[in-house]
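Me: I'm new to reading protein models and I'd like to know where the labels come from. Can we go through them one at a time?

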Amino acid sequence: MNNILSIGIRGFVLSGLLLVGGCGKKQPTAPPAYEINGVKVDVPKLQQAFAGSPPEIQADVNQTTLNLRYGMYEKSLMALDRLASNPGVNDSQKKVVNDLIEQMKQLIAKAGPSRQ
């Protein structure tokens with residue numbers, strides 16, 4: 001009886017250690033870039049860079065996303081230009097915006113100014 005109790009306690013302790021060891025926080029993975037007409041457009045990176053931004057900045061991020069979703073690529077590019085020239089945008093955010101502007105230019109060159 002003592003032996004069975006000892007095995008049960010060891011099993012309980014071991015399973016507890018395994019549970020605690022597996023509870024570490026995992027870094028959230030960023031969603032992949034959108035692929036539109038063969039061009040990768042990294043909107044998730046833009047959204048991540050501006051998470052928690054003031055509403056006036058967030059409005060241009062939302063306009064970029066919305067216009068892209070509806071195939072209005074030039075309007076999306078205009079919202080990105082407003083972001084790039086906004087004085088409230090920091091250097092790392094400007095880099096993300098400029099990268100996305102280049103991706104949008106590739107998309108417009110390949111697909112035209114809007115999806116029809």
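Me: What makes Asn37 partly exposed?

Reply: This is a predicted model, and in it Asn37 has a relative accessible area of 46%. Buried means under 20% and exposed means over 50%, with partly exposed in between. The 46% of Asn37 falls in that middle range, so partly exposed is the label.

Me: Where does Asn37 sit, and what is its phi?

Reply: Asn37 is in the loop between β1 (34-36) and β2 (39-41). Its phi is positive, about 50 degrees, although Asn37 is not a glycine. Most residues other than glycine have a negative phi.

Me: How do you know whether Gly71 is buried or exposed?

Reply: Check the number: Gly71 has a relative accessible area of 0%. Buried means under 20%, so Gly71 is buried. Gly71 belongs to the loop between α3 and α4.

Me: Which residues does Gly71 touch, leaving out those up to four places away in sequence?

Reply: They are Pro113, Ser114 and Arg115. Touching here takes heavy atoms within 4.5 Å. Take Ser114: Gly71 and Ser114 are 43 residues apart in sequence, yet their C-alpha atoms are 5.2 Å apart in space.

Me: Why are α3 and α4 called roughly antiparallel?

Reply: Look at the angle. Helix α3 (residues 55-69) and α4 pack at about 160 degrees, with axes 8 Å apart. Angles over 145 degrees count as roughly antiparallel, so the pair gets that name. The crossing of α3 and α4 is left-handed.

Me: Which kinds of residue make up the contact of α3 with α4?

Reply: By class, there are seven nonpolar, four polar and three charged residues. On the α3 side they include Ile57, Val61 and Leu68, and on the α4 side Tyr73, Ala79 and Leu83 are among them.

Me: And how do you know that α4 and α5 are roughly antiparallel?

Reply: Again, by the angle. Helix α4 (residues 73-85) and helix α5 (residues 91-111) pack at about 160 degrees, with their axes 10 Å apart. That is over 145, therefore α4 and α5 are roughly antiparallel to each other. Their crossing is left-handed. Among the residues that meet are Leu77 and Leu80 in α4, and Val97, Ile101 and Met104 in α5. The residues of this contact divide into twelve nonpolar, two polar and four charged.

Me: What pattern does the whole protein chain follow?

Reply: Reading along the sequence, you get α-β-β-α-α-α-α. That comes to five helices and two strands.

Me: How much of the protein chain counts as buried?

Reply: Of its 116 residues, 29% count as buried. The protein chain exposes about 8,100 Å², and carbon and sulfur atoms supply 59% of that.

Me: What share of the contacts with a separation of 6 or more comes from residues 24 or more positions apart?

Reply: In the protein chain, such residues account for 60% of those contacts.

How values were computed
Residues numbered from 1 in each chain as written. Predicted model: local features only at pLDDT ≥ 70, side-chain atom pairs only at ≥ 80, totals over all residues. Heavy atoms only, no water. Axes fitted to C-alpha atoms, helices over the stretch in contact; angles between N-to-C directions. Helix = DSSP H or I, 4+ residues; strand = E, 2+ residues; numbered from the N terminus. Parallel < 35°, antiparallel > 145°, perpendicular 65-115°, else oblique. Left-handed = near helix turned anticlockwise from the far one by under 90°. Nonpolar A, V, L, I, M, F, W, Y, C, P; charged D, E, K, R; others polar. Buried < 20%, exposed > 50% of the residue type's maximum accessible area, 1.4 Å probe, protein only. Areas by Shrake-Rupley, 256 points an atom, 1.4 Å probe, with all protein chains shown as cover.
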